[in-house]
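I opened a new notebook page for this chain.

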Amino acid sequence: MAVRIEGADAYKKKLKQLADKYPDVLDMALDDTAATIQADAMRFVPVDEGILKNSINVKTQPLFKTIGTSLDYAVKMEFGTPTGTGPNGGPRPYLRPAFNNNHQRVTEFFIKNIKNIH
């Protein structure tokens with residue numbers, strides 16, 4: 001099951017504009033940001049046996065990074081279920097907070113490093 005974050009399409013459009021002009025710097029910025037989001041998601045995930053935590057990974061392609069897990073119950077943990085997963089039956093998000101806390105990092109990294117090139 002795939003999860004989409006609202007605003008991702010507009011964000012991708014802006015990144016595409018930067019990618020056309022500075023692909024190498026943008027790819028480094030995306031790598032840095034994806035690694036930070038992964039680390040925070042691993043820190044935020046509720047831990048029982050650590051299986052979900054250890055399954056969070058980053059798949060990299062040029063100018064495209066995917067952060068997630070292939071475990072079926074990961075989506076249930078993130079969004080909850082009708083019967084619930086958390087102590088109150090609700091969601092226990094870990095990936096969305098990690099993204100929300102760090103998505104601006106790609107811009108900050110890009111600006112900092114583009115100055116070194118030009």
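**Entry 1: the hairpin.** I began with a rule: two strands pair if DSSP finds at least two bridges between them. Helices (H or I, at least four residues) and strands (E, at least two) are DSSP runs, numbered from the N terminus. I then looked at β1 and β2, which form a hairpin with two residues between them. Leu-63 sits in the turn and has a positive phi of about 60°. Strand β1 covers residues 57–61 and strand β2 residues 64–68. They pair in the antiparallel sense over five bridges. Gln-61 stands opposite Phe-64 in β2.

**Entry 2: ground rules.** I noted that this is a predicted model, where local features need pLDDT of at least 70, side-chain atom pairs count only at pLDDT 80 or more, and totals for chains, interfaces and linings use all residues. Residues are numbered from 1 along each chain as its sequence is written, and side-chain values use heavy atoms, with hydrogens and water left out.

**Entry 3: Phe-64.** The scale calls a residue buried under 20% relative accessible area, exposed over 50%, and partly exposed in between (1.4 Å probe, protein chains only). Beyond its neighbours within four places in sequence, Phe-64 is in contact (heavy atoms within 4.5 Å) with Asp-27, Leu-30 and Lys-59. Asp-27 is 37 residues away along the chain, yet the two C-alpha atoms are separated by 7.8 Å.

**Entry 4: Glu-78.** I moved to helix α4 (residues 73–79), where Glu-78 lies. Glu-78 is buried, at a relative accessible area of 4%. What does its side chain join? A polar contact of 2.7 Å links it to the side chain of Arg-96. Such a contact is a pair of N or O atoms within 3.5 Å; within protein, one must be able to donate a hydrogen and the other to accept it, and residues adjacent in sequence count only if both atoms are side-chain atoms. Not counting residues up to four places away in sequence, Glu-78 also touches others, including Pro-91, Tyr-94 and Pro-97.

**Entry 5: the cores.** I looked up nonpolar cores, which are sets of buried Ala, Val, Leu, Ile, Met, Phe, Trp, Tyr and Cys residues joined through side-chain atoms within 4.5 Å. The largest has nine residues, among them Ile-37, Ala-41, Met-77 and Tyr-94. Helices α2 (23–44) and α4 are the elements that give two or more residues to this core. A second, separate core of eight residues includes Val-25 and Phe-110.

**Entry 6: confidence.** The chain averages a pLDDT (the predictor's confidence in each residue, from 0 to 100) of 84.
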